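Hello,

Here is the structure I promised to pass on. Please look it over, then read my notes below.

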Amino acid sequence: MLSLKVNGRVFAVDVEAETPLLWVIRDTIGLTGTKYGCGVGMCGACTVHVNGKAVRSCQTRAGQVVGQEVTTIEGLGGTHPVQEAWRDGDVPECGYCQPGQIMAVAALLAKKPNPTDADITSEITNLCRCGTYSRMRDAIHRAAQLASRR
Amino acid sequence: MHFIPKINRREFMVTSFSIGGGFALGLVFPQNQAEAAAIAAQIGRNPWEASLGKEGIEINPWLVVGTDDTVTIRVAQSEMGQGTFTSWSKMIVEELECDWSKVRAEYASVNRHVRENKVYQRMATNSSSSVRVSRQYLQQAGASARERLMAAAAEQWAVPRSELTVNAGVITHTPTGRSLRYGQVAQKAASIRLPKEPQIKTPEQFTFMNKPTRMLETPLRVDGSATYGIDVRIPGMLYAAVKQSPVFLGTVKKFDANAVKKRPGVHSVVRFGGPKVEEGVAVIADSYWHAKSALDLLPIEWDGGTHSNDSSKGFFEMARKALDEPGARVVTKKGDAEGVINSSAKVVEAVYELPYVDHAMMEPMNCTAHVTADRAEVWVGTQNPEEAVSQISKLTGIPEENVYLHNCFLGSGFGRRGANDDVRLAVVIAKQVGRPVKVIWSREETMQHGAYRPMRVSRFRGALGPDGMPTAFHTRVIGIESPYPGDEQTIRGLHKLPYRVTHELFDYHSRETHVPNGPWTSVGRSQNEFFLETFIDELAHAAGKDPYEYRRLLLENNPDFPQAKAWLKVLSTAAEKSKWGGKLPAGTARGIAIGDSRRITRDEITICAIVATVSVSKQGKVRAERFDVAMDTGPFLVNPLAAERQIEMQVVMGLAAALKQEITIEKGRVVQSNFHDFPLLTRVEVPQVAVHFVRATDKPIAGIGEEALGWVAPALCNAIFAVTGKRVRSLPLKNHDLSWA
């Protein structure tokens, strides 16, 4: 039995310590906004925050995050500047990769409130099959503006 | 009477850049939090649940009016990123004249469609059909409902219908100023029969369609609440990880279930197979991870059968040989093409080859099923729910009426999720397990058991006259495909040349393999248009003419091609918007391509022209800088915002395939397994995409959703030739040395 803190709530989960965090979040805790895309850490659809930093949850073991603060898309609050900017720009197409994209961007903005285009391309490595990259970039700049006004 | 819509051209033409947002987005931002929240509530997270319209009164199968004036629209097409919930609702609301902020949307019930003799007409989503096929009957459903609501109000007040007006769901009796809301007359309206169906609006009467509307689908995708098939959770549900025969059509020789039965959470190990189900083994467990990690340890012996040594290299060799055999089937024969070519002084000949490509949807294949003695229930994101129901019924013996399929949001489809092999597999497993089972294919399983875009090889020969224009054309295509796609897709787009050529021969062969194929966004065109539009570029070069001017000449001189004028309009739009002929830095050039997505089986076309602006470093590194996509809209463009995004998607998808994607076969099985060897386009590779909608024809077009992709690769490769002098006749580009001096 592991004790995990996800979105501010403590969950006692009956999983092996080596279980990928992704599957604990989805199958055991039941938060399905975090997506499975590749299982090898490439696509970033499974991105969550651990202590505010973006990580690929398919490559993170449950045992590694005991005592840490895990945040998923459901814990971002819905009115986070990145989510507002995403809505304003109607960014998602099929939307499957977007929770991961949003989590990656939220972590980037926490670290770099005003990222350049170069920061965005080098730091946000999440993949999008529908090709919403340009709309995302515009939304990231908008999110930075929204955040600075709060 | 011939119908000529009057639309102010300047208003209608949408020229917006994906970069900087521009026109389309600026108009439609929500003004405040309350408005944003209202949008957020318009689609439920589980789109199949008929919860939204439960309290209302059904006016017709398409729509329910609540006593609180909400209007719930039933959407009978699958949503995988096109914004179908929005466009479908718009087509009804344009006529219904209700309050858009009170519109709710949910999937139409597949079960009802089956029970009530296809009440929703058609529930398969393919061939860019969501708008093309349904617009008329949806407008009619909206208009009919409006007139019944109006008639109900007229009856209640005992006044003539002609004295009533309606605005945003409020009916007003003009002489007295009295008003009634839709919700107040819905009950009465439900029993009203109209003496005759009302006329639907023509485009010049639209107040809502043809203008950009924010996507109802967005909020659910931003807070993580949208339920994709893979997210479904059913009480008592188990999880399955699956492994299908690595060699297609192979069999399971044996496996040792005891090796994994005692692993944590494992429930059972089952073997599967059957009609249209690849043989394999599944591990069932209490979580996907338990199932997957046990499956990885399960010893399985396979028998690859007769295809164990087949390879895509071998398929190409087979096709190249077939190029020298007279085509088994002749599509076009006009004059004496071979004779003219054989006696011509100037002949251009080229052989083109394209590999298999995977769809690589972000959401891996999956399906959840629960099969009992007399009822089957399935949760999946499918492009073809009605076909799935029929297949479930066949596999289980349960009548279609007792099959309940709950369609989910799709983490894209691109044609792959119309095959329903995920549904069949889940059903044969669930039948054995007796409890609800969610079957998830790993990324590797999804990629290695695809329904790939067919490989294709072609040879083009063209004779040029003294003026450099073609006098004869011989096209021979070798389709390499499983039985699925059939001839129409092999020849699609090449069956009738838009360009003027006096002598023409087009013949082809089909060669079957054991590798499964399926429709891949643009279906046939991403192969055939690459061949044709590259070859036209080769002819222009041989003639010493500018590729844009050359195409103009071919079209202007063709009296047999009624759409030539419209083509020229779209072609010149792409050229002008891309500043064709304007100066570019060294190592950068433009390439052009055009086509109209014509098919043998239907009249509609969508004319699309693309100019790619591309740089190539001396070392041969390709960078797509910008794509200008000009597309004819005809009189209807239901939601320009959604249309523009779908075109951006096609540029990115077409570019990824052209630059770096291929599925190869060795020893009968797929070599690639994940995004490291089948890479998607990355953020840094994405070009600027400028979409230019232009009204070039007066008839409804063939659609938007896959009518641009075919011209991405030829425009790109024609630009590469302009920089490097190297002609690209096969893809992907990663296999080519494009260095130049």
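**Where the chains meet**

In chain B, 55 residues are in contact with 45 residues of chain A (contact: C-beta atoms, placed from the backbone, within 7 Å). This is a predicted model: local features need pLDDT of at least 70, side-chain atom pairs count only at pLDDT 80 or more, and totals for chains, interfaces and linings use all residues. Residues are numbered from 1 along each chain as its sequence is written, while chains are lettered from A and ligands numbered from 1 in the order in which they are written.

On chain B, the elements giving two or more residues to the side that touches chain A are α9 (218–222), α11 and α21 (640–660). Helices (H or I, at least four residues) and strands (E, at least two) are DSSP runs, numbered from the N terminus. The largest share, seven residues, comes from α21(B).

**A sheet in chain B**

Seven strands of chain B form an open, mixed sheet, ordered β11-β12-β9-β19-β16-β17-β18. Two strands pair if DSSP finds at least two bridges between them. β11 (266–274) and β18 (403–407) of chain B are the edges, each pairing on one side only.

β11(B) pairs with β12 (277–285) of chain B, antiparallel, over seven bridges. There, B:S268 stands opposite B:I284 in β12(B).

**Helices on the sheet**

Helix α11 (288–297) of chain B packs on the sheet. This helix touches β9 (238–244), β11, β12 and β19 (437–440) of chain B. Helix α14 (385–396) of chain B lies across β16 (366–371), β17 (376–380) and β18 of chain B.

Best wishes

How values were computed. Two residues are in contact if their C-beta atoms, placed from the backbone, lie within 7 Å. Axes are lines fitted to C-alpha atoms, for helices over the stretch in contact, and angles run from 0 to 180 degrees between N-to-C directions.
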